[in-house]
Amino acid sequence: QVQLVESGGGLVQAGGSLGLSCAASGRTFSNNYMAWFRQAPGKEREFVAAISSRIIDYAGSVKDRFTISRDIAKNTVYLQMNSLRPEDTAVYYCAAAQRGGSRHALLYDYWGQGIQVTVSS
């Protein structure tokens with residue numbers, strides 16, 4: 001049984017930093033896409049960042065502020081978020097794909113439970 005477990009969310013002031021972790025269990029994703037998405041209240045889930053063995057991709061709204069990385073040995077993906085803004089407030093979800101992957105949520109097969117990130121102004 002595959003599980004993705006996020007950790008590290010919380011409350012931070014605008015301009016601050018937070019780091020998220022997503023630990024996968026049940027299978028390895030070393031050659032697969034893993035990604036972060038987020039969903040703010042009243043809005044659709046949106047792509048944040050993705051990483052595979054060859055590609056790192058960011059949404060334009062977070063590029064140069066967020067960094068996605070992975071530790072293959074730990075089967076864990078990270079999201080370092082700097083220069084946070086109130087509009088970054090959302091529930092952040094980790095996702096993993098069995099095959100392929102991209103910015104599209106429908107291409108991801110496994111999802112974490114989500115973790116709240118709140119940025120105060």
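Where is the place of asparagine 82? Asparagine 82 lies in the loop between strand S8 (76-81) and S9, strands being DSSP runs of E of at least two residues, numbered from the N terminus.

This is a predicted model, in which local features need pLDDT of at least 70, side-chain atom pairs count only at pLDDT 80 or more, and totals for chains, interfaces and linings use all residues. Residues are numbered from 1 along each chain as its sequence is written, and side-chain values use heavy atoms, with hydrogens and water left out.

**Asparagine 82**

With a relative accessible area of 29%, asparagine 82 is partly exposed; this class falls between buried (under 20% relative accessible area) and exposed (over 50%), computed with a 1.4 Å probe on protein chains only. Apart from neighbours within four places in sequence, asparagine 82 is in contact (heavy atoms within 4.5 Å) with Gly16, Ser17, Arg65 and Phe66. The side chains of asparagine 82 and serine 17 also form a polar contact, that is, a pair of N or O atoms within 3.5 Å, one able to donate a hydrogen and the other to accept it, where residues adjacent in sequence count only if both atoms are side-chain atoms.

**The disulfide**

The count is 1 disulfide, defined as a pair of cysteine sulfur atoms within 2.5 Å. Cysteine 22 in strand S3 (residues 18-25) and cysteine 94 in strand S9 (residues 90-96) are 72 residues apart, and the pair links distant parts of the chain. Both cysteine 22 and cysteine 94 are buried. The torsion about their S-S bond is about -75 degrees, so the disulfide is left-handed.

| Pair | Distance |
|---|---|
| Cysteine 22 and cysteine 94, S to S | 2.0 Å |
| Asparagine 82 and serine 17, side-chain polar contact | 2.9 Å |
| Asparagine 82 and valine 62, C-alpha atoms | 9.2 Å |

Conventions. Helices (H or I, at least four residues) and strands (E, at least two) are DSSP runs, numbered from the N terminus.
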